[in-house]
Amino acid sequence: MKPATSATRGGGGSAASGAATTGAAGSNTAASGAAKNSPATRPPFDVAAARADFPILAERIHGKPLVYLDNAATSQKPLAVIETLRNFYAHESANIHRGVHYLSAQATDAYERARATVQQFLGAADAREIVFVRNATEGINLVALSFVRRRVKSGDEILISAMEHHSNIVPWQMLCEETGAVLRVAPIDDAGDIPLADFERLIGPRTRFVSVAHMSNALGTINPAREIVEIAHRHGVPVLLDGAQAAPHIPIDVRALGCDFYVFSGHKVYGPTGIGALYGKAEHLEAMPPYQGGGDMILSVTFEKTTYNKIPHKFEAGTPNIAGTIGLAAALDYLRAFDAESLAAHEADVLAHATAAVSAIPGVRLIGTARRKASVLSFVLDGVHAHDIGTILDQEGIAVRAGHHCAQPVMQRYGVPATARASFGLYNTRGEADALALALRKVVEVFR
Amino acid sequence: MSDLRELYQEVILDHNRKPRNFRKLDGANRHAEGYNPLCGDKVVVYLKVDGDVVTDVSFEGSGCAISTASASLMTESLKGKRVAEAEAVFDGFHKLVTGAPGADAAPLGKLAAFAGVSEFPVRVKCATLAWHTLHAALAGRADSVSTE
């Protein structure tokens with residue numbers, strides 16, 4: 001299920017190493033480990049060792065061991081990230097890009113090393129193509145306001161898909177309202193796939209931009225992103241891929257994908273909240289006006305004339321989330337230290353096991369059965385509302401999401417008010433999938 | 001499971017399975033819509049108010065067991081009550097499900113089944129959605145009620 005083009009996450013060595021070291025943020029164990037792991041010697045993913053890296057997994061909820069299955073909402077954080085944040089504030093904290101003093105220079109180095117880490121994670125050609133933002137949502141808003149707004153007039157079209165998260169709907173609706181542009185929506189089929197022929201039919205002479213999820217948060221569908229980009233580019237239309245869900249589960253290579261923009265959130269990829277990244281092709285970023293004004297995004301300011309800074313700094317007004325950025329790099333280093341294929345095989349195995357166990361329960365209907373999926377198991381249970389499922393599972397220590405998953409149009413597409421959603425991360429196990437199924441049988445019992 | 005049985009009492013499960021007065025009310029002279037944007041629960045409460053007496057009440061919508069049963073039991077408990085009495089029941093019910101000091105289940109009849117909700121703070125909005133909507137309908141407010 002891995003695109004052959006993506007080798008971004010080749011790596012090896014212990015993922016738990018690097019915790020608490022100052023250099024963890026910038027060091028890249030993955031690159032050095034890549035050569036060691038030929039397919040023949042690739043070890044299976046050691047989930048028990050990985051679980052030991054996440055202190056929260058030792059928590060008990062309502063007296064039961066925590067079974068955390070809400071990773072599509074946010075992932076838990078490994079010690080490597082927690083210690084990096086602690087270490088930054090305890091020993092390294094300073095502002096960046098301005099101080100002559102030692103700590104400021106160190107913080108600036110760590111911040112810019114983090115940019116290089118994100119560049120490698122995404123397979124971008126140049127670190128200048130990486131803009132730090134708060135999250136995927138802010139990345140999409142930045143592109144909408146700074147890139148697309150100048151390219152659309154009344155009657156022009158922006159194309160998204162029917163499986164988008166609200167964060168990839170609302171910014172475009174706001175832009176359409178402002179400019180008179182029209183939002184077009186590519187349909188999805190019953191399984192939760194975007195039929196590409198339908199998608200292509202919706203690209204017309206007025207289409208100015210395409211923005212779609214690399215992977216769906218509500219359905220788990222992995223979209224054929226490269227094909228979508230190819231189709232759009234054939235019509236001369238630039239593309240943004242929303243990688244909020246894909247980043248923790250699918251190797252990403254923006255050059256192989258060919259996309260013009262890519263966004264993701266740090267907190268879903270085992271990093272801190274409040275930090276994410278936008279990739280944009282350098283030629284686009286160069287041509288775009290700043291998103292926000294302030295310090296750090298300027299070269300010189302007089303009351304007559306301000307000269308903007310170069311990319312990417314032009315888009316990073318004000319003191320950024322420095323600790324979060326360094327913490328994000330620690331998370332990406334942590335993730336990249338695993339062998340990508342072993343990890344993917346583990347995640348696919350747990351999802352397949354959970355899918356089988358949950359499907360076997362009478363009255364369960366899966367929402368989202370695409371051929372290529374990761375992490376997400378969305379379902380409804382006959383006669384039981386998702387909220388009640390969520391409450392009963394919570395009593396068993398099992399954290400799932402119950403609701404519309406910030407994708408109300410997806411719920412409307414399937415004619416359900418809400419679903420229960422279990423979403424798996426690297427630390428989840430077959431045993432936890434069994435616990436989910438067992439608890440669901442209790443739900444059935446309560447409501448029988 | 002004991003907390004769960006506290007929450008999902010038989011009367012609640014029964015009213016969830018077979019909601020009473022679950023229809024649009026012909027000849028209603030008051031109605032209001034309630035919405036919980038966090039979970040998508042929706043309810044419309046219809047009232048026939050004659051003078052200051054609630055002569056009939058019904059509801060429509062979709063929601064979880066707690067919100068559906070709460071709406072269903074609410075309609076049963078209010079028929080024939082004066083407006084001021086209905087508001088007093090809401091007040092008592094609200095105290096019960098939030099575990100407020102002075103909460104007293106005794107005068108609430110079947111609604112006492114919702115006492116367990118106070119152990120589940122995130123479910124209070126489910127239990128009270130229909131009641132807030134009732135309150136809006138009694139006040140003649142046409143705009144929809146939101147829990148957020």
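Predicted model: local features only at pLDDT ≥ 70, side-chain atom pairs only at ≥ 80, totals over all residues.
1. **Overall form of chain A.** The chain has 448 residues, for which a compact globule would have a radius of gyration near 22 Å, and because chain A has 22 Å, the value agrees with that of such a globule. Along its principal axes, the C-alpha trace of chain A spans about 75 × 55 × 40 Å.

2. **Domains of chain A.** The domain assignment divides chain A into domain 1, covering 102-334, and domain 2, covering 341-447, and the centres of these two domains of chain A, taken over C-alpha atoms, are separated by 29 Å. Where they meet, 19 residues of domain 1 of chain A are in contact with 18 residues of domain 2 of chain A. The side contributed by domain 1 of chain A consists of ten nonpolar, seven polar and two charged residues.

3. **An enclosed helix in chain A.** Helix α13 of chain A, residues 386-395, is largely enclosed by the rest of the structure, because nine of its ten residues are buried. Among the buried residues of α13(A) are A:His387, A:Asp388 and A:Gln395, together with A:Ile389, A:Ile392 and A:Leu393. Just after α13(A) comes A:Gly397, which takes a positive phi of about 85°.

4. **The sheet of chain B.** Which strands lie at the edges of the open sheet in chain B? The sheet is formed by four strands in the order β3-β2-β1-β4, with mixed pairing, and its edge strands are β3 (53-62) and β4 (145-146) of chain B, each of which pairs on one side only. Strand β1 of chain B, residues 30-36, pairs with β4(B) in the parallel sense over two bridges, and B:Tyr35 stands opposite B:Ser146 in β4(B).

5. Helix α3 of chain B, residues 65-78, lies across β2 (41-50) and β3 of chain B, and the helix runs at about 165° to β3(B).

6. **The contact between the chains.** How many residues does each chain bring to the contact? Chain B provides 14 residues and chain A provides 13 residues. On the side of chain B that touches chain A, there are nine nonpolar, three polar and two charged residues.

Terms used: Residues numbered from 1 in each chain as written. Chains lettered and ligands numbered in written order. Contact = placed C-beta atoms within 7 Å. Nonpolar A, V, L, I, M, F, W, Y, C, P; charged D, E, K, R; others polar. Domains from an automatic or database assignment. Rg over C-alpha atoms; globule rule 2.2 N^0.38 Å. Buried ≥ 20, exposed ≤ 12 C-beta atoms within 10 Å, placed from the backbone. Pairing = 2+ DSSP bridges. Axes fitted to C-alpha atoms, helices over the stretch in contact; angles between N-to-C directions.
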